[in-house]
Amino acid sequence: GECAMAWDQYLAQADQAVSAFFDTETFTASAYMRGAGKSRNDDPVPDPTKPAFAFKGSFELEPSINAFSGSTRSSADDVAPRHVSQAIVTALVTGMAWRPAAGDRFVRDVDGRSYVISLVNGDGTDRVVFHVNRGN
């Protein structure tokens with residue numbers, strides 16, 4: 001009924017209020033896809049179907065690199081979900097041209113550093129958490 005609709009509107013407004021307050025950094029999102037080669041190790045190439053765009057988000061370094069693994073061993077080919085990312089970027093995805101996914105990249109305007117998305121956590125709201133690791 002009306003109550004649920006009002007609550008949805010309230011949540012949307014809260015999302016926007018939160019993003020206006022926290023999302024003070026600018027990032028550029030670029031889509032990547034697996035290279036033409038069959039090898040898994042092939043460098044990803046930019047996806048020409050998805051133009052890069054800038055967005056506002058918040059950035060925080062992840063305090064614990066190995067929170068879930070219980071081991072200090074961490075190798076590049078360890079793609080288990082337990083691997084905790086180096087940093088997280090949170091952003092409102094409503095205005096985005098396309099929704100960034102694992103493997104896509106963000107460039108942080110402040111220092112020009114490139115980050116690769118390792119995991120995307122959306123809980124059904126328009127505010128999404130991107131787990132990222134330093135790119136090359």
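Predicted model: local features only at pLDDT ≥ 70, side-chain atom pairs only at ≥ 80, totals over all residues.
Side chains of opposite charge can pair when their charged atoms come close.

| Pair | Distance, N to O |
|---|---|
| Asp-23 and Arg-127 | 2.9 Å |
| Arg-108 and Glu-25 | 2.8 Å |
| Arg-108 and Asp-111 | 3.7 Å |

The side chains of Asp-23 and Arg-127 meet in a salt bridge. This pair links distant parts of the chain, since Asp-23 sits in the loop between helix 1 (2–22) and strand 1 (25–30), while Arg-127 belongs to strand 8 (residues 127–134), 104 residues apart. Both Asp-23 and Arg-127 are buried.

A second salt bridge joins the side chains of Arg-108 and Glu-25. Arg-108 is part of strand 6 (residues 105–108) and Glu-25 is part of strand 1, so this pair ties together parts that are 83 residues apart in sequence. Glu-25 is buried, as is Arg-108.

Arg-108 also forms a salt bridge with Asp-111, with the closest N and O atoms 3.7 Å apart. The two residues of this pair can be described by their accessibility: Arg-108 has a relative accessible area of 14% and is therefore buried, whereas Asp-111, with a relative accessible area of 33%, is partly exposed. Taken together, Glu-25, Arg-108 and Asp-111 are linked in a network of salt bridges, with Arg-108 paired both to Glu-25 and to Asp-111.

Technical notes
Residues numbered from 1 in each chain as written. Heavy atoms only, no water. Salt bridge = Lys/Arg side-chain N within 4 Å of Asp/Glu carboxyl O. Helix = DSSP H or I, 4+ residues; strand = E, 2+ residues; numbered from the N terminus. Buried < 20%, exposed > 50% of the residue type's maximum accessible area, 1.4 Å probe, protein only.
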